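This report describes the overall fold, the ligand site and selected local features of one protein model. The sequence and structure follow.

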Amino acid sequence: MHRRRFLQGAAGSGIAATLGGCVTANPSSSQLPLSPASLSLSLPELAPINAYPDRIISTNVCTRPFRATGPRIETETVGNKTLIHNYGHGGSGWSLSWGTAALAESLINADKQTPVAVVGCGAVGLTTAIQCQRAGYKVTIYAKEQPPYVRSSYATGIWSPDSRIVTLANAQPFAERWQWMARISYLRFQTLLGLAGNPVEWTTMFRLADKPFDDHGGHNIPGEPAYPNYRKELLSDLNPKARDVSPSLNPFATPHVRQFPLLMFNISAYSQYLLDLFYRSGGQIIDRTLTSMADFQQFDESVIVNCTGYGAKALLNDDSIIPVRGQTCKLMPQPEVKYGIQYFDRHTSVYPRRDGLLVQAGAEGDFNNPLANIDPQESIKAVEQLAAIMAEMK
Ligand SMILES: Cc1cc2nc3c(=O)[nH]c(=O)nc-3n(C[C@H](O)[C@H](O)[C@H](O)COP(=O)(O)OP(=O)(O)OC[C@H]3O[C@@H](n4cnc5c(N)ncnc54)[C@H](O)[C@@H]3O)c2cc1C
């Protein structure tokens, strides 16, 4: 069967995922004992987080490449070149990377002797390049920047496949494609556990709330559009599950606490893993900056996959890309901290990344904000919020 038709069929028939010809699936929740509504197990030891502004070791800002209708993954013919676009993944680029890479690769309609150019070396470009290599193509990446200087390197680094990926108004037509990409990616990440340097790992999270959880799941900044809750609607069979922490065990000051396992990407180690994998498979990376559509004509390769992320806005004059600014900072690594916290009522989250405890702040005015200016006060405030959570712990 033709590969492209197979992939479309797989998406349409709801097959869990196909990776390298093997079918694998997360066990359905119906095969497992039901999760208790409240956690009755004892909680792990929660090492205190040293949340002091003078332990901030770096602060970063970057813009998410958000498109109201979802990422652009389609083929365009430019002169004698086949240009496959793969950009605009909002706040989900790392999470959906393997799925979007598989989709872009399936759009290549050429024999395996055809060299392929991938433009871009972020989360999407690297995984697309590796996916094309696995399919048998010889791949060269062309990019203005490489990790750790790409926008992807400044992300939070968690499984967030429906974060700012499409608006609620456009959710329906994109749902099937999203689900397919999310499931491919999820399963691929499970194959990347337990590697040296822990590029991908599961961590324990606590979501704190002042009011009962309404399951909207979002953490919108004022001024943002509504987004679909795809994960709840389309991936609820994936394990493991969240549990509410019972009041008698709740170590936090907020009345409502939910404990859940979260896939986390240690971006330094993970980017290096992807680069190594690409090089080991015979790939090469060439510095090149494109300034207009016409530059695609200059490539030797006849098939080019455009993974320029937010860069596509200027390169293609694509006004459908809306910048969503995000600022993070890292506190000194604390290997003994093996949990994270999300407190969306106070726009504060922390993730126990190995390369530093990653603290994310949310600010009003981040939506449609192209400014990549660091506001030190924003991160200091988030760290102080975190300090308050620590101080209030029982
Ligand atoms: C604060 C923040 C937190 C986030 N957290 C998460 C998260 O936890 N999980 C998640 O899944 N996603 C997260 N995201 C979203 C994620 O970071 C993006 O979706 C992802 O980085 C997009 O990857 P990309 O490869 O498309 O783009 P990029 O990383 O921007 O890569 C683009 C590549 O194209 C190159 N390029 C661009 N323009 C040109 C040009 N003109 N010529 C040549 N080369 C060019 C660049 O140099 C680069 O190599 C977050 C984003 C932000 C801002």
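## Basis and overall architecture

A residue counts as buried at under 20% relative accessible area, as exposed at over 50%, and as partly exposed in between, with a 1.4 Å probe and only protein chains considered. By that criterion, 53% of the 394 residues of the protein are buried. The model is predicted: local features need pLDDT of at least 70 and side-chain atom pairs pLDDT 80 or more, whereas totals for chains, interfaces and linings use all residues. Residues are numbered from 1 along each chain as its sequence is written, and side-chain values use heavy atoms, with hydrogens and water left out.

The protein has 8 helices and 17 strands; these are DSSP runs numbered from the N terminus, helices being H or I with at least four residues and strands E with at least two. Contact here means heavy atoms within 4.5 Å. Among contacts between residues at least 6 apart in sequence, 80% join residues at least 24 apart. The protein exposes about 17,400 Å², of which carbon and sulfur atoms supply 52%; accessible areas come from the Shrake-Rupley method with a 1.4 Å probe, and for residues only the protein chains shown count as cover.

## The ligand site

The shell around the ligand comprises 34 residues, of which Gly90, Ser95, Glu145, Ser152 and Leu290 come nearest; a residue is near a molecule or strand if one of its heavy atoms lies within 4 Å of it. The shell divides into 11 nonpolar, 18 polar and 5 charged residues. In this classification Ala, Val, Leu, Ile, Met, Phe, Trp, Tyr, Cys and Pro are nonpolar, Asp, Glu, Lys and Arg are charged, and the others, Gly among them, are polar. Helix H3 (123-134) and strand S4 (56-67) are the elements that give two or more residues to the shell. The largest share, 3 residues, comes from H3.

Polar contacts are pairs of N or O atoms within 3.5 Å; within protein, one atom must be able to donate a hydrogen and the other to accept it, and residues adjacent in sequence count only if both atoms are side-chain atoms. An oxygen atom of the ligand lies 2.8 Å from a polar backbone atom of Cys121, a residue that is buried at 2% relative accessibility. Ligand nitrogen is placed 3.1 Å from a polar backbone atom of Lys144 and 3.0 Å from a polar backbone atom of Thr156. The protein covers 97% of the 1,000 Å² of accessible area that the ligand has on its own.

Arg325 is found in strand S14 (321-331) and is buried, with a relative accessible area of 4%. A polar atom of the Arg325 side chain lies 2.8 Å from the backbone oxygen of Asn373. Leaving aside residues up to four places away in sequence, Arg325 touches Val61, Cys62, Thr63, Arg64, Asp366, Asn369, Leu371, Asn373, Ile374, Asp375 and Glu378.

Cys329 is also placed in S14 and is buried at 1% relative accessibility. With the exclusion of residues up to four places away in sequence, Cys329 touches Ile56, Ser58, Thr59, Leu357, Leu358, Val359, Ser379 and Val383. Cys329 and Val350 are 21 residues apart in sequence, with their C-alpha atoms 9.6 Å apart in space. The structure holds 0 disulfides, a disulfide being a pair of cysteine sulfur atoms within 2.5 Å.

## Backbone features in loops

One joins Pro147 and Pro148, with omega about 10 degrees; Pro148 is in the loop between strand S8 (139-143) and helix H4 (171-190). The other runs from Asn239 to Pro240, with omega near -5 degrees, and Pro240 is in the loop between helix H5 (230-234) and strand S10 (243-245).

Positive phi angles also occur at non-glycine positions. Asn198 has a phi of about 45 degrees and lies in the loop between H4 and strand S9 (200-209); at 22% relative accessibility, Asn198 is partly exposed. Asn317 has a phi of about 50 degrees and is placed in the loop between helix H7 (311-315) and S14. Asn317 is exposed, with a relative accessible area of 65%.
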